[in-house]
Amino acid sequence: MRTYIFLPPVSKPTGGVTVLRQLADILHQSGHEAFLVARDRGGWRPEGLANAAPVLEWQSLKLRESDAWVVPEGWINALAPGLYANAHCFSYVQNWAYLFSSMPEGVDWHSLPVEFLAVSDPVSQFIKETTCKDAPILRPGIDRSIFHAPESKPGGRVNVAFMPRKNKALVEQIRAIHEHRCGAKQVNWMPIDGLDAHGVAEALRAAHIFLATGFPEGCPLPPLEAMACGCLPVGFAGFGGWDYMRQVQDKPRYTPWIPLRKVPWKGNGMWCADSDVLDAALCLGEAVCLFQERDPALMAALAAGQKTANAYSLEAQKTGILELWEQL
């Protein structure tokens, strides 16, 4: 079975595109026939791993019935070549919010001979509830050689890292609430923007807390990367984050309604409902106190974060991909 993976026409690689590249590269390096298919590369060539999978232009794509055609959610029209060839068509859902976003009028998932792959357990549950179809899980991975904790964190005031591009208005509200409650100089705010992976990791190693404000999410990588770099994450789960997010607090103000899978780690962050800026600000204040008071619960949470990050390593991602492809 040859595997072809569609690369969406984006101006620059996103986290989702990186996961697609990783999928193709892992299959290619492991002896599978795997190809990336670019509709419009827009001047950039996707950088894969050391032994990157070959990239085909859209017009060169020639699918057979025995091939697998993998298309990310939100690009339903790109399924057409696979459907026309009667190939094995898969929609890889990396963000549940886009599952129905590009559905043509008169078409639904019930009528299409398409199977699903999900990026996380919550996304798999979402697909099952909405389409009545099962979705095997292909989790992403982070490079632990890049994202790792420092020997020690900086002294002085607590540093709070955040990503302004993730719901910037809500970040500003959380910051305003926190500063009105705790003072404008209690923490240092560290925006992370426009950096490559090494720059992000370096910034996170200098931070104590990571404020997660992204939603919707399929399996958000920034909080995972922050855990790997020794931060205590606080904020929104984006629904998909509950694949790995577990509450530090014994009695959190918010608990998810979906059933959570069993994991070998305990509380790794302080999580609140998406868009709940008040709870996020309150959790942020509690997290700052943990650092200021050197609370023993903090060390347990940071250790749980390391255990979580290890479970999402590139090695774990490779194992998951190859096991699933053997089943296919």
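Two strands pair if DSSP finds at least two bridges between them, and strands (E, at least two residues) and helices (H or I, at least four residues) are DSSP runs, numbered from the N terminus. This is a predicted model, in which local features need pLDDT of at least 70, side-chain atom pairs count only at pLDDT 80 or more, and totals for chains, interfaces and linings use all residues. Residues are numbered from 1 along each chain as its sequence is written, and side-chain values use heavy atoms, leaving out hydrogens and water.

**View 1. Strands β7 and β9 run side by side in an open sheet.** Here β7 (residues 158-162) pairs with β9 in the parallel sense over 3 bridges. Look for Ala161, which stands opposite Phe210 in β9. The whole open sheet has 5 strands, in the order β8-β7-β9-β10-β11, with parallel pairing. At its edges are β8 (187-191) and β11 (270-272), each pairing on one side only.

**View 2. Gly218 sits in a loop.** You can find Gly218 between β9 (209-212) and α6 (221-228). Gly218 is buried, with a relative accessible area of 3% (buried means under 20%, with a 1.4 Å probe and protein chains only). Gly240 is 22 residues apart from Gly218 along the chain, yet their C-alpha atoms are separated by 4.2 Å. Setting aside residues up to four places away in sequence, Gly218 touches several others, including Gln94, Ser120 and Gly241 (contact means heavy atoms within 4.5 Å).

Definitions and conventions: Buried means under 20% relative accessible area, exposed over 50%, partly exposed in between (1.4 Å probe, protein chains only).
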